[in-house]
Each structure stands twice: as structure tokens, then as C-alpha cells.
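This report describes a protein chain through its strands, its nonpolar cores and its ring contacts. The sequence and structure are shown first.

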Amino acid sequence: MLWSHYAEKHRGVCLGFDVLRASVERVQYETNRLFAEFDESGEPFGLSNELRAKLRTTKCQEWAYEREWRIFVPLSDAVQEGNLYFRWFGDDIRLAEVIVGSDCEQLEKVREDTAKYHLNACVYKARLAFNHFKVVPLESSVP
């Protein structure tokens, strides 16, 4: 499902990271929505830190198959390019693998581009499994 939702229907890539556990927060999946009480101004800045943390790490139970973890980066620590913000890799996060979707035809280009900056990252192609509903490595593409 993740490939269909986030990777251009198997034409994109998936990035895998080695991450220090202390730098990530596990998403909790709930069946009921969270509600927050605002003061008269309606400003969200009056929310407690505990409630803010819960709001940013809670998703609907129907997304639980993602088993998501998140890193939160203050925008003041990020690099802005246009309307997007990026975080540099560091000691707490390292690119470990790049998985090219089964319908992506750019495996060698992705390998070349990745090797310029991340020599130890493994780049390989995915394929749909033969006997079940999963995406698995294309064995012939794994270095």
C-alpha cells in the first residue's frame, strides 16, 4: 500500500534509514479522533506540550499498517528550498538503502546519484511478490 500511496504507483523510490532511536517518535494509531480545547482566542499555542506531542504523533487506526516513526525538526534548523524544508543527514540519521519501485526505469541513474553522496547506501529494485500481496527485493538487482 505504501508504494501505491507514496511512490508514484511503483515508479518512485523508497528511502531506508539507520536512525538513532532517541531521535524518533513512534506514531500511535487510535480509533477515536483527538480533540483539543482552545481558549477564547482559538490560538493553538495555548495547548500543553503533552497534548501537542500527542497530536503530532497520532493517526487513525486504519493507517496502522504503516508502522510509522517520525523525526521532528524545527524549521529554524532546516534548509529551505522554495516552499520545501529539508534536514541534513547527521550522526543520528544515515541513508542506508534506496529501493527503486518495480515500474521505475532509472535504477542505474539512482545508483550513480546515490553513490555521489552516500557510498555505503544499498540501491536495489523492488518487485511485486509472486504468491502474496507484498513488495519484495528483485533479487538480481541486489548488490
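Q61 is found in the loop between β4 (58-60) and β5 (69-70); helices (H or I, at least four residues) and strands (E, at least two) are DSSP runs, numbered from the N terminus. The model is predicted: local features need pLDDT of at least 70, side-chain atom pairs count only at pLDDT 80 or more, and totals for chains, interfaces and linings use all residues. Residues are numbered from 1 along each chain as its sequence is written, and side-chain values use heavy atoms, with hydrogens and water left out.

With a relative accessible area of 35%, Q61 is partly exposed; buried means under 20% relative accessible area, exposed over 50%, and partly exposed in between (1.4 Å probe, protein chains only). Leaving aside neighbours within four places in sequence, Q61 is in contact with Y29, E30 and T31, where contact means heavy atoms within 4.5 Å. Between Q61 and A126 there are 65 residues in sequence and 27 Å in space, C-alpha to C-alpha.

## The four-stranded sheet

An open sheet is formed by four strands in the order β1-β8-β9-β10, with mixed pairing; two strands pair if DSSP finds at least two bridges between them. Its edge strands are β1 (13-19) and β10, each of which pairs on one side only. From one strand to the next the twist averages 35°. Axes here are lines fitted to C-alpha atoms, for helices over the stretch in contact, and angles run from 0 to 180 degrees between N-to-C directions.

β1 and β8 run antiparallel and are joined by seven bridges. Across this pairing, D18 has R94 as its bridge partner in β8, and V19 stands opposite I93. β8 and β9 run parallel, with four bridges joining them; here V100 stands opposite K125 in β9. β9 is joined to strand β10 (residues 135-137) by three bridges, and these two run antiparallel. R127 stands opposite V136 in β10, and the two strands form a hairpin with six residues between them.

## Burial and the nonpolar cores

Both β8 and β9 are mostly covered. In β8, six of its eight residues are buried; in strand β9 (residues 122-128), five of its seven residues are buried. Helix α3 lies across β1, β8 and β9, and runs at about 150° to β9.

The largest nonpolar core has eight residues: L95, V98, V100, C104, L107, V110, A121 and V123. β8 (93-100) and α3 (107-117) each supply at least two residues of this core, and the largest share, three residues, comes from β8. Apart from this core lies another, of five residues, among them W3, A7, I99 and Y124. A nonpolar core is a set of buried Ala, Val, Leu, Ile, Met, Phe, Trp, Tyr and Cys residues joined through side-chain atoms within 4.5 Å. In soluble globular proteins, nonpolar side chains tend to be buried together.

V100 belongs to the eight-residue core. Leaving aside neighbours within four places in sequence, V100 is in contact with W3, G12, V13, L107, V110, V123, Y124, K125 and A126.

## Aromatic pairs and charges over rings

The structure holds two aromatic pairs. In one of them, the rings of F17 and F89 have their centres 5.6 Å apart and their planes at 65°, so the pair is edge-to-face. Rings of Phe, Tyr and Trp (its six-membered ring) pair if their centres lie within 6.5 Å; planes under 30 degrees apart count as stacked, over 60 as edge-to-face and the rest as tilted. This pair links distant parts of the chain, 72 residues apart: F17 is in strand β1, and F89 is in the loop between β7 (84-86) and β8. F17 counts as partly exposed, at 33% relative accessibility, and F89 likewise counts as partly exposed, at 37%.

Two arginines lie over rings. The charged end of R21 sits over the ring of W69, 5.1 Å from its centre, and R127 lies over the face of F130, at 4.0 Å from the ring centre. A charge sits over a ring if NZ of Lys or CZ of Arg is within 6 Å of the ring centre and within 35 degrees of the ring normal.
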